[in-house]
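Thanks for making the time this morning.

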Amino acid sequence: MATDFSDVLQLGYDYLANSQNNDGGWGYRRGGMSYVEPTALALLALFNTAGAGGKDVPEKRYDAVSKGLIFLRTQMHDDGSWGIMPADTGASWMTYPVLWVLNVLLKIPELFSYYGEPADQDKRDKAKNWVLSKGREPEVDDDTNAQVQKLFQIDSTYLGWSWGPGEAGWVIPTSLAIVGLVVEDPATMRETTEIKNGKDYLRDRACPAGGWNVGNPYMLGKKLPPTPDATTFALLAWRTTLTASDFGPNIDAVDKGVAYLDGYINDSNSDHTVALCAWALSLFKEAANVDTYRLHLVRGLTAGDKIFTYKGQQITKRTLAGQNKINGDWVDSPYTTAIALLAISDDRYYLDPK
Amino acid sequence: MTLRTKPRKKKITRRQFTRLLLTGAIGGSVVVAELASRPLGLIKWIGVTFKRINRGFGSQSKVAIVNAPSYDVDLLTPLKTAWDLIDAPAITGKKVVIKPNIIYNLPDRAINTNASVIEAAIQLLQEKGAKEVVVAEGTAYQRDLTDLLYSGGIAPMLQMHGVPFVDLNHDDVVKVPSKGGYTGRDFTWMPRTIAEADLIVSMPKLKTHHWAGATLSMKNMYGIVPGVKYGWPKNNLHVTGIEANIVELYETIAPQLAIVDGITGMEEDGPLFGKNRNSQVLVVGTDLVAVDATCCRLMGIEPDSTRVKHIWYADWLGLGVMNQDKIKVVGVPINTVRQAYELPPNLDQELKRY
């Protein structure tokens with residue numbers, strides 16, 4: 001029988017509501033400056049029907065979501081982009097997770113009736129237009145492409161999405177842009193040139209042994225290893241875009257990415273990385289395994305503290321602490337906590353909103 | 001009908017012609033000089049030239065080299081020796097940020113600044129009366145560096161000394177005017193921890209670098225800029241010119257001390273895939289240009305305008321000194337510890353190889 005995580009989720013949602021900044025945003029750490037990315041992820045986590053997206057929403061959480069959306073709405077630039085935080089007047093990759101939030105909000109009628117505004121549709125359209133026109137990396141000439149192919153063994157005719165306008169594409173922004181775009185209407189968006197090209201980009205950037213890193217599978221002929229953060233976001237993108245026609249190299253890349261995270265999760269000393277791994281794995285693995293990942297994430301190190309030896313001295317450190325049983329957080333970070341809550345919830349509204 | 005008389009041609013006198021010629025020549029020269037001195041601009045170029053002339057009469061920069069046979073011996077004593085040999089900065093009552101170089105964890109490769117050297121620096125700075133010592137890094141290849149800190153022994157060591165670690169990639173940020181104007185950026189977003197520090201210590205590893213020739217205390221400043229704004233692997237900074245960015249970040253951040261981990265360095269294909277090379281030294285100084293130039297010579301590399309451009313560039317701009325006759329090496333004579341490191345691959349040749 002699957003473990004009941006409802007208490008864990010409730011504690012976590014309360015933590016998010018309690019850790020919101022006065023301006024309505026959330027930071028990478030509690031009390032830290034409000035950034036757009038953690039705010040978007042906190043909202044996605046709270047949109048859960050058990051969080052603040054269903055009936056009988058606790059008032060504090062309702063207010064938190066309302067204020068969070070106001071924070072995002074007011075940060076939008078005229079061109080449809082978002083900076084990384086209020087003082088940043090430049091366009092940034094954080095537009096992608098906001099597009100994701102707006103698409104989920106607009107797609108779920110109940111959610112929209114609680115929190116939506118008529119202008120959200122227009123904001124979403126402008127954001128989508130910016131992501132498609134300015135977020136994607138620019139095309140390169142044949143000479144540059146040939147040089148890049150020789151140095152990095154990647155095909156730069158596949159266009160990904162960048163951290164900032166006009167820059168090269170990288171795996172994490174590409175993955176976030178794909179998810180942000182596809183959730184609007186998966187059946188239609190999966191067939192667009194941009195998304196198909198984005199999938200080719202991700203397959204091309206996969207590390208040969210499995211998984212993804214920033215976007216350099218090779219460096220001057222040598223293999224660069226994958227990292228859990230990029231692999232998690234790439235797998236999220238694949239989860240929203242895989243179709244029956246993907247059998248072959250695309251599925252192979254996904255399987256190898258899943259196997260990499262499956263091997264990594266138990267060795268990690270980082271709550272944040274375990275939350276990322278559990279999130280991606282929960283989207284691809286069978287229920288029994290998912291339960292194990294989630295328990296690992298919630299409990300942290302259950303077999304006692306971890307002992308590190310430094311210069312002959314034993315240092316005890318509970319590196320993987322799991323959920324704080326009083327405050328409901330992970331490492332007192334709204335960002336990590338939001339990811340952990342998305343990993344623990346069975347609700348898939350945020351990837352396939354209906 | 002009115003007859004219009006043909007206007008008489010005005011004759012230009014010889015004196016007027018000479019004056020015109022002279023004005024044109026001066027104007028043309030200014031335009032040529034302005035273009036030739038870009039990206040600095042003529043006025044700054046004149047300032048730099050005066051700075052260089054003045055420096056010709058100034059004192060030498062001191063760089064200390066001390067023996068340190070391995071990471072398993074007492075490193076505090078040789079570091080104290082080095083400290084006493086240089087004109088060390090005042091530490092008492094200051095908030096000090098140590099910036100090591102932590103990038104990736106590849107088995108058996110000397111990539112990251114070793115925990116033992118960071119530990120010795122912490123002990124020294126605490127002994128010298130620092131009000132607070134913080135270790136901070138913003139790694140370029142992944143967003144969560146917790147596992148890197150554990151695998152390298154840094155996290156347990158910091159715990160043992162009660163020293164906090166700050167992830168610069170996700171810190172609060174502030175807008176800082178860019179000094180120098182070499183990249184076209186008017187300002188740079190900086191982590192608050194860096195902006196509010198009284199003293200910054202750059203602690204790199206002694207390594208070659210396939211793009212920059214060598215990666216030492218100035219190049220180490222790349223790790224300070226926040227990933228949330230500049231992305232991972234902070235490629236935006238490569239696009240606008242590696243040398244220009246290194247020098248601009250150095251001038252803007254203004255670290256006052258360098259402690260280089262040269263116990264085990266990296267030769268050939270640094271900063272990740274090179275071979276380990278034991279140089280068994282620590283290099284310490286307050287003029288980071290002089291420190292880096294000395295480190296290059298320790299590796300058998302002359303930091304000229306072709307091989308390690310950013311050092312030459314920084315010297316030319318008057319940010320420090322590079323020439324041997326301007327550097328007073330104290331401690332161990334450089335000739336006794338110099339080794340011929342294998343040089344990083346020549347990228348032009350690499351392009352032909354693939």
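Before the strands themselves, a word on terms: helices (H or I, at least four residues) and strands (E, at least two) are DSSP runs, numbered from the N terminus, and two strands are said to pair if DSSP finds at least two bridges between them. What you see is a predicted model, in which local features need pLDDT of at least 70, side-chain atom pairs count only at pLDDT 80 or more, and totals for chains, interfaces and linings use all residues. Residues are numbered from 1 along each chain as its sequence is written, while chains are lettered from A and ligands numbered from 1 in the order in which they are written.

Let me begin with strand 10 of chain B, residues 257–267. Lys207(B) has Met266(B) of strand 10 as its bridge partner, and strand 8 (residues 205–209) of chain B pairs with strand 10 in the parallel sense over two bridges. Strand 7 (residues 199–203) of chain B is likewise parallel to strand 10, with two bridges, and there Ser202(B) stands opposite Ala258(B). With strand 11 (residues 275–285) of chain B the pairing is antiparallel and counts nine bridges, Ile259(B) being set opposite Val284(B). I will call a residue buried if 20 or more other C-beta atoms lie within 10 Å of its own, exposed if 12 or fewer, and partly exposed in between, with the C-beta atoms placed from the backbone. On that count 10 of the 11 residues of strand 10 of chain B are buried, so the strand is largely enclosed by the rest of the structure.

Chain B as a whole has 14 helices and 12 strands, and its C-alpha atoms fill a box of roughly 105 × 55 × 45 Å along the principal axes. Of its 354 residues, 51% are buried. Two residues are in contact, in what follows, if their C-beta atoms, placed from the backbone, lie within 7 Å. Among contacts in chain B with a separation of 6 or more, 76% are between residues 24 or more positions apart.

An automatic or database domain assignment divides chain B into domain 1 (22–53) and domain 2 (60–353). The C-alpha centres of these two domains of chain B lie 33 Å apart, and their contact takes four residues from domain 1 and four residues from domain 2.

Turning to chain A, which way do the buried residues of helix 4 of chain A face? Helix 4 covers residues 59–75 of chain A, and its buried residues include Arg61(A), Ala64(A), Val65(A) and Gly68(A). Seen down the helix axis, the buried residues of helix 4 of chain A fall within an arc of 155°, so they line one face of the helix; the arc is that of the directions from the helix axis to the C-beta atoms. As background, an α-helix has 3.6 residues a turn, so residues three or four places apart point the same way. The face of helix 4 of chain A turned away from the buried side carries the exposed residues Glu59(A) and Thr74(A). The buried residues of helix 4 pack against several helices of chain A, including helix 1 (6–18) and helix 5 (95–107).

Finally, where do the chains meet? The contact takes 31 residues from chain B and 33 residues from chain A, and helix 6 of chain B gives the most to the chain B side, with four residues. Thr273(A), in helix 14 (residues 271–282) of chain A, counts as buried because it has 27 C-beta neighbours inside 10 Å. Leaving aside neighbours within four places in sequence, Thr273(A) is in contact with residues of both chains, among them Pro228(A), Asp144(B) and Thr146(B).
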